[in-house]
Amino acid sequence: MDVSVLTLSRFQFALTIMFHYLFPPLSIGLGGLLVIMEAMYLKTGDLHYEAMARFWTKIFAVNFAMGVASGIVMEFQFGTNWATYSRYVGDVFGSALAAEGIFAFFLESGFLAVLVFGWDKVSPRTHFFSTCMVALGAIFSSIWIVVANSWQQTPAGFHIVGQGLGARAEITDFWAMVFNPSSMHRLVHTLIGAYILAAFFVMSIAAWYILKGRHLDFAKRSFSIALVVAALASLAEPISGDLQAKNVAQTQPAKLAAMEAIFHTGNEPTPLYLFGWPDTQEQRVNHGLAIPGLLSLLAYGDSQKPVAGLDQVPRGDWPPVAATFHSFHIMVWLGLLFVALTFVGLYFRWRGTIFEKRWLLWVFVLVVPLPFVANQFGWVTAEVGRQPWVVYGLLRTSDALSKAVTANQVLGSIIMFIVIYALLFVVWVFVLDRKIKQGPDEVITVPAATVPGGLFGVAGLRAGMGGASLTESDNAKEKK
Amino acid sequence: MDLNILWFILLGVLLAGYAILDGFDLGVGIIHLAVKKDDERRILMNSIGPLWDGNEVWLVTFGGALFAAFPNAYATAFSGFYTPFMVLLFALIFRAVSMEFRSKHDSPAWRSFWDVSFCIASGLATLLFGVAVGNAMRGMPIGADMEFQGTFISLLHPYALLVGLFAVATFAMHGSIYLYLKTEGELQQRIREWMWRTFGVFLVLYLFTTIYTLEDLPLATANFRLHPWAWLVVVLNVLAIANIPRAIHLRRAGYAFASSCATIAALTFLFGVALFPDLIHSSLNPDWSLTVYNAASSHKTLAIMATIAALGMPFVLAYTSVVYWVFRGKVQLGKLSY
């Protein structure tokens, strides 16, 4: 084997984390949308909202299971492949991980059972409470994991004990660790990204139903709720991104320089590349189009001040420039596309004609992979831009490996992950496809006068306000 | 008692909680193929349907707490067990997927594929947990630098494999008793036979494992000389085991289940007694062992984590109980079922 344990382990980590991160943002965002839908059901008693919440819960459950299954891998992998890293950061990460386990995981998985299986076992209010707890658990989870990751980007609240390979970080100030310089900016950006993703996901499926003329009432309501969420989140994301970039300019200048491929600091205001092709060998950007002075303005709020370039960083400490540059630019352009799309959508929704605009609905159906791409590339920017450090300025990725593990073992596990993830992905798409084709339960509106007393009683109880309609689920046959 | 010992105990509690809770759902998976009809297999899967995910969280939390409290032990064990743990992940993922996807499609081939993979994945995961425990009991080749120096094959020692099989038998029995509680009618009568069978296998392997441990692993019993009160747990363990057939015979399945829970808790406790104060014995040199002191995080971190656990655990126990209460009673197949 020529390929090193380092290369293989980095590849494996990228593979497993990127696969895992297909699912959590959808769980986080969809959790929030479920809370909205169920709240509207409780408020209005309209069974259409209940049918909506039930349908999206099924999608949520499939997605959540994928997230759990691929998430256990991540926890194991710190120890299996990155033992030296684990010894180094364990003391600091300890508190964050313990908090995630105790506060988030138990909360999510406990109440998930009620959310998914408890529709007919608990009262609507208890069910709504469970939905809120699951959504909250997903957010707690993201808080602690982003805090831990941010500590790797901008370490704070610790001191180094021991020397050489035996050195490790030990916590000195818990709250300084939690509120390290980048954690809140990165958390906000991550959460908003999740809401954009989930809202586009919901809009995609809803638009497809509308185009096919199925479940129209359900689809239009789902689309409208998601469109509002998507528009607000898409608009908030560039603002959060701008705050975060200013933070990166202060705390990780090498990363910002790589994001914009600034090889030379110079004396002039620094331009912002709209696009381009960085050449690290020649240290310049080819085929680029740049707006003069804009990066200086965005990074420092001063259009005259030059932004620190890679020439101020030792060559051995450069992140991979092209990968960081491209992933950052893809994310930004996609983000702007989401703003434009949601505003076109809002405009036609306000005009009341959106559901006749078939071309626009098709656009919403087809763009669904893009928010996934944007979320992934955001993380690629953050993680590749941090290289060659695993803990910024303290521990190099190349020093963080497990010493007891050989290249062949890692190669074996990579093959295993590729096989199992390919299978998982196919099955996930297959099951989603079936759920979507199956669609939500139809809400049958029954004229009050013709309803027999017993049934009316049931319907009234279920609706909470004496509404005279009944979801098909009550009298549907058992699913085989 | 210092914080290091407190965290050793808390990890034991998490491990026991995991073994008791995920133990019964892994056990249901192990005996899954014992019933043949589609509806009966759905009942088996749905008996654990809403619960297995929460049960697995105990493992995730155990892993997180080990990472946090004893990062050196976490790093050494997980990198040393690289290949078995990768296979374990494979099994756990496959198991989750099998349950999630089995009933989503009608074809018999599709369903029997996921049935078989559910059964094999449950058995394999349990076997590997047992093998890991067996290796921890025997000690591992750990060098002065805290790194594992053995090979994958060295982990497959006969003792470790015996403990692995013992784990499979224990969970199969535990799962059968659980199923007896969750089923009714003719299916329940067949499960009753499986309770007897799995108990028989469990008993035989329990005796073998005990004899092997007493004969061959002097280290594992050393603490009993220092702390004779630990014998009390051995006695409780034997009583709990003896109560299982009695309760089955009297058709008091609740008692039988409580007894098998107590058996698993006692076995976990004895595992802790065998290890203490080490987390990983070094078979090369006792001085190189990873103990609750040299493998631990700083005092400050252990104290912060103890605070977090004290704040969070009451909630965890409260809503875990609520969820089990909501899903009490016999399994009914409905449209929300797997």
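Mentor: Please keep in mind that this is a predicted model.

Trainee: At what angle do the axes of helix α4 of chain A and helix α12 of chain B cross?

Mentor: Two packed helices are described by the angle between their axes and the distance between the axes. Here the axes of α4 (residues 83-117) of chain A and α12 (residues 299-326) of chain B cross at roughly 10° and come within 9 Å. Angles under 35 degrees count as roughly parallel, and α4(A) and α12(B) are therefore roughly parallel to each other.

Trainee: How many residues does the contact take from chain A and from chain B?

Mentor: The contact takes 60 residues from chain A and 58 residues from chain B. On the side of chain B that touches chain A, α12(B) gives the most, with 13 residues, and by class that side has 35 nonpolar, 16 polar and seven charged residues.

Trainee: How do α5(B) and helix α6 of chain B pack?

Mentor: Their axes are 8 Å apart and the angle is about 145°, while α5(B) passes α6(B) in a left-handed crossing. The contact is made by residues including B:Leu88 and B:Phe94 of α5(B) and B:Trp114 and B:Leu128 of α6(B); by class, it has 16 nonpolar, three polar and four charged residues.

How values were computed: Residues are numbered from 1 along each chain as its sequence is written. Chains are lettered from A and ligands numbered from 1 in the order in which they are written. This is a predicted model: local features need pLDDT of at least 70, side-chain atom pairs count only at pLDDT 80 or more; totals for chains, interfaces and linings use all residues. Axes are lines fitted to C-alpha atoms, for helices over the stretch in contact, and angles run from 0 to 180 degrees between N-to-C directions. Helices (H or I, at least four residues) and strands (E, at least two) are DSSP runs, numbered from the N terminus. Angles under 35 degrees count as roughly parallel, over 145 as roughly antiparallel, 65 to 115 as roughly perpendicular and the rest as oblique. Two residues are in contact if their C-beta atoms, placed from the backbone, lie within 7 Å. Ala, Val, Leu, Ile, Met, Phe, Trp, Tyr, Cys and Pro count as nonpolar, Asp, Glu, Lys and Arg as charged, and the others, Gly among them, as polar. A crossing is left-handed if the near helix is turned anticlockwise from the far one by less than a right angle, and right-handed if clockwise.
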